[in-house]
Amino acid sequence: MTARRAGGPTMHDVGRLAQVSAMTVSRVLKNAPGVSEATREKVFAAVEELGYRRNQTARSLRLGGSGMIGLVVTNLANPFYSRLALGVQEVATEYGFRMLLSNSAEQADREPGLIDGLIDHQVEGLIVVPAGSRQQHLAAAMRHVPVVLAARPPAGLDTDCVLVEDFHGAREATACLLADGHSRIAFLGNPPALYTGAERLRGFWAAHEEVGIEPDHTLIRQGLTDSAAAERATLELLGQADRPTALFCTNNRISQGAIRALYKSGASLPVAGFDDFDLSDVLGLPLTLVSYDPDEIGRQAARLLIDRLEHDDEAPPASRRVTVPTRVVRYGAPSTDDADRSPRV
């Protein structure tokens, strides 16, 4: 990871000539505050003498490193993760890094091998969406490179993470359904062992408690891993004698499976769900969606990681937690009447 890159002079060479650290060179060239004028003059003189030129597409802030960061997501077929990856790539490119992408396919046992492979490829840092709650392999990885978690928090690790307002978003969307007069709301959730599944159920439950209603346990379905499972669960709920009057779904794939079941059964129940998705505004169904910017999760995670790489010659900062805000967007009418399809925020 410290092999010198072939070609012209590096920031390390500039720092050696100017008798400052390579990171100081980086700060001077970025016009960062906290550098004396005398130091700036020495750095610029060394730049001119060596003919140093930053290669924005290949430089690495760790100076002599690979110029690559790794990203591990759980399901690249899900638009959420492809958008997150685009956010990471945007910031990585801005700072001259390349991104190596791996997909764990929600299989926690695959994740350690993927991370080992990225480290073997000499990535300088990792952004990981953990596939499970056991994260010992991430602790091992942190002995080699900094690790930032995205969308799911660390479990027993002291590291940075970027999360979504899972609890708040679920509570707000459920509250909208309750305010529309629905007291029998089905919950269609991903595995409860996942942080997002647990937090969104907690928000769903809290919204009911705030209006003095206890959710019906017979309407709660968890452990749904894809749209097909969500479709089957929805059809089963619709077949009950005392079926739900509205649905809450914990992610976009579950929402899409539930909507497909409604279409097949001819029912027109209001649906609330986490994650906006394409064509949600033209389906003609009453939809209440928790919307946020997946790209921003990736951008924030990349900024946290690169900040650690920039300051690797200093005492590391305390672990940080960044939360990406959510908002509720409503399409169509709150009842089964779909005459009004305009969005309401």
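Trainee: So buried means under 20% relative accessible area, exposed means over 50%, and partly exposed is anything in between. What kind of model are we looking at?

Mentor: This is a predicted model, so keep that in mind as we go through it.

Trainee: Okay, let's begin with salt bridges. How many salt bridges does the structure hold?

Mentor: There are 20 of them. In general, side chains of opposite charge can pair when their charged atoms come close.

Trainee: Can we look at some pairs? Which residue forms a salt bridge with R330?

Mentor: The partner of R330 is D180, and their closest N and O atoms are 2.5 Å apart. R330 belongs to strand β12 (residues 327-331), while D180 is in the loop between α7 (166-179) and β6 (185-188), so this pair ties together parts 150 residues apart in sequence.

Trainee: Nice. Is D180 buried, exposed or partly exposed, and why?

Mentor: D180 has 29% relative accessibility, so it counts as partly exposed. That value falls between the 20% and 50% cut-offs.

Trainee: And R330, buried or exposed?

Mentor: R330 counts as buried because its relative accessibility is 15%.

Trainee: What about R184? Which side chain does it meet in a salt bridge?

Mentor: That would be D216, with 2.8 Å from N to O. D216 sits in the loop between α8 (195-210) and β7 (220-221), and R184 in the loop between α7 and β6, so the pair ties together parts that are 32 residues apart in sequence.

Trainee: Let me try the labels myself. R184 has a relative accessible area of 16%, so I'd call R184 buried.

Mentor: Well done! Now do D216.

Trainee: Is E231 buried or exposed? And K264, buried or exposed?

Mentor: E231 counts as buried because its relative accessibility is 11%. K264, at 57%, counts as exposed.

Trainee: Changing topic to helices! How do α4 and α11 cross?

Mentor: Helix α4 covers residues 79-94 and helix α11 covers residues 294-310; their axes come within 6 Å and cross at roughly 40 degrees. That angle makes α4 oblique to α11.

Trainee: Is the crossing of α4 and α11 left-handed or right-handed?

Mentor: The crossing of α4 and α11 is right-handed.

Trainee: And how do α7 and α8 pack?

Mentor: Their axes are 7 Å apart, and the angle is about 40 degrees. α7 and α8 are therefore oblique to each other. α7 passes α8 in a right-handed crossing.

Trainee: Where does D275 lie?

Mentor: D275 is in the loop between β9 and β10. With a relative accessible area of 7%, D275 is buried.

Trainee: What about L279, where is that found?

Mentor: L279 is also in a loop, the one between β9 (271-274) and β10 (287-291). L279 has a positive phi of about 70 degrees although it is not a glycine.

Trainee: Is L279 buried or exposed, and why?

Mentor: L279 counts as exposed because its relative accessibility is 57%.

Trainee: What does L279 form with V282 and L283?

Mentor: Together, L279, V282 and L283 form a nonpolar patch on the surface, with about 280 Å² of accessible area.

Trainee: One last stop, R40. Where is R40 placed?

Mentor: R40 is in helix α3 (residues 37-50). R40 is buried because its relative accessible area is 11%. The C-alpha atoms of R40 and V25 are separated by 8.3 Å, and the two residues are 15 residues apart along the chain.

Key. Residues numbered from 1 in each chain as written. Predicted model: local features only at pLDDT ≥ 70, side-chain atom pairs only at ≥ 80, totals over all residues. Heavy atoms only, no water. Patch = residues over 30% accessible without salt bridge, like charges linked within 9 Å, V, L, I, M, F, W, Y side chains within 5 Å. Areas by Shrake-Rupley, 256 points an atom, 1.4 Å probe, with all protein chains shown as cover. Salt bridge = Lys/Arg side-chain N within 4 Å of Asp/Glu carboxyl O. Helix = DSSP H or I, 4+ residues; strand = E, 2+ residues; numbered from the N terminus. Buried < 20%, exposed > 50% of the residue type's maximum accessible area, 1.4 Å probe, protein only. Axes fitted to C-alpha atoms, helices over the stretch in contact; angles between N-to-C directions. Parallel < 35°, antiparallel > 145°, perpendicular 65-115°, else oblique. Left-handed = near helix turned anticlockwise from the far one by under 90°.
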